[in-house]
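Visitor: I would like a close look at one part of this protein. Could you pick a spot in a loop and walk me through its surroundings?

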Amino acid sequence: MQQKLTKFSLSGAAIALLLALAPQEAFAMHVMEGFLPPMWAVAWWLAFLPFLAAGIMRLRQIVQEDSNQKVLLALCGAFIFVLSALKIPSVTGSCSHPTGVALAVILFGPSVVAVLGAIVLLFQALLLAHGGVTTLGANGMSMAVIGPLVGYLVWRFSCKMGVRKDIGVFFCAFIADIVTYAVTSIQLGVAFPDPQLGMGAAIIKFMGIFCITQLPIAVAEGLLTVLIYDQLVKRQLIQARSF
């Protein structure tokens with residue numbers, strides 16, 4: 001079992017390396033380096049740190065209980081890295097992309113995603129000019145905390161309601177993706193309010209711009225996550241999760 005998981009992880013790492021070496025545009029959907037005013041950059045970092053600390057403690061607990069989970073954790077991290085590095089041009093001149101967090105949310109819960117997301121965001125900022133270190137707190141809150149948390153609640157609700165696993169996985173990934181971009185829109189809207197209409201109008205404007213490309217991406221991410229989850233279950237690399 002561990003050998004199979006290792007093969008999955010190595011494949012993901014190879015794809016991630018190719019993406020890291022490929023030329024990338026500097027402005028992507030993650031809030032880019034230096035884009036947020038210092039006050040907001042610090043505020044989002046302070047908001048993100050407690051979730052990161054809780055995630056580290058949860059990660060240690062998982063590894064202590066079963067060291068074989070390290071490979072599966074690496075697979076989830078590689079999945080997040082690969083999907084969130086697939087940048088698709090948006091109408092803004094920026095880019096949209098999947099988040100890839102749902103698989104980790106389903107297998108380990110939302111707290112672990114804060115750690116995996118922070119690692120991914122740091123590597124993307126340093127290797128791909130995707131996001132930034134000063135804005136990692138803001139990007140972490142949207143992609144590694146709030147989006148995964150809402151996706152987790154959707155997953156738990158679907159399990160309690162007896163919804164088919166593939167449908168539950170799809171909506172977990174879909175909603176986590178959409179919520180991530182909704183939070184990013186809020187972050188940009190409060191930092192750069194419309195001079196005449198205020199924050200609310202700015203938030204609606206950003207949401208309207210991003211949804212044009214993000215809705216089909218979220219659907220595609222949901223379908224891909226279902227396929228990956230189904231393969232892991234069929235190969236008996238994981239057991240079907242339920243609550």
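Guide: Let us begin with the whole chain. This is a predicted model. Among contacts in the protein chain with a separation of 6 or more, 76% join residues 24 or more positions apart. The chain has 8 helices and 2 strands. From the N terminus on, their order is α-α-α-β-β-α-α-α-α-α.

Now the close look. Our spot is Pro 98. Pro 98 sits in the loop between strand S2 (95–96) and H4, and H4 is the helix spanning 102–108. Is Pro 98 buried or exposed? Pro 98 counts as buried because its relative accessibility is 9%, and the cut-off for buried is under 20%. Buried residues make up 49% of the 243 residues in the chain.

What does Pro 98 touch, leaving aside its neighbours within four places in sequence? Its contacts are Leu 83, Ser 84, Leu 86, Asp 177, Ile 217 and Glu 221. Leu 83 and Ser 84 fall in helix H3 (69–84). Asp 177 falls in helix H7 (165–191). Ile 217 and Glu 221 fall in helix H8 (199–234). Val 82 and Pro 98 are 16 residues apart in sequence, and their C-alpha atoms are 9.1 Å apart in space.

Next, the records. The unreviewed UniProt entry lists several spans as "transmembrane region", including 71–89, 167–190 and 202–229. In the model, the span 167–190 is 100% helix and 0% strand, and its end C-alpha atoms lie 34 Å apart.

Step back to the largest nonpolar core. This core holds 58 residues, and Phe 48, Ile 80, Leu 107, Phe 108 and Tyr 229 touch the most other members. H3, H4, H7 and H8 are among the elements that give two or more residues to this core. H6 gives the most, with 9 residues.

Finally, compare another loop residue. Val 133 is found between helix H5 (110–127) and helix H6 (136–160). Val 133 counts as partly exposed because its relative accessibility is 36%. Val 133 also belongs to a nonpolar surface patch, together with Ile 119, Leu 122, Phe 123, Leu 126 and Leu 127. The patch has about 550 Å² of accessible area. The protein chain exposes about 11500 Å², and carbon and sulfur atoms supply 71% of it.

Notes. Residues numbered from 1 in each chain as written. Predicted model: local features only at pLDDT ≥ 70, side-chain atom pairs only at ≥ 80, totals over all residues. Heavy atoms only, no water. UniProt positions renumbered as here; feature names shortened; annotations may be inferred. Helix = DSSP H or I, 4+ residues; strand = E, 2+ residues; numbered from the N terminus. Patch = residues over 30% accessible without salt bridge, like charges linked within 9 Å, V, L, I, M, F, W, Y side chains within 5 Å. Areas by Shrake-Rupley, 256 points an atom, 1.4 Å probe, with all protein chains shown as cover. Salt bridge = Lys/Arg side-chain N within 4 Å of Asp/Glu carboxyl O. Buried < 20%, exposed > 50% of the residue type's maximum accessible area, 1.4 Å probe, protein only. Core = buried A, V, L, I, M, F, W, Y, C linked by side-chain atoms within 4.5 Å. Contact = heavy atoms within 4.5 Å.
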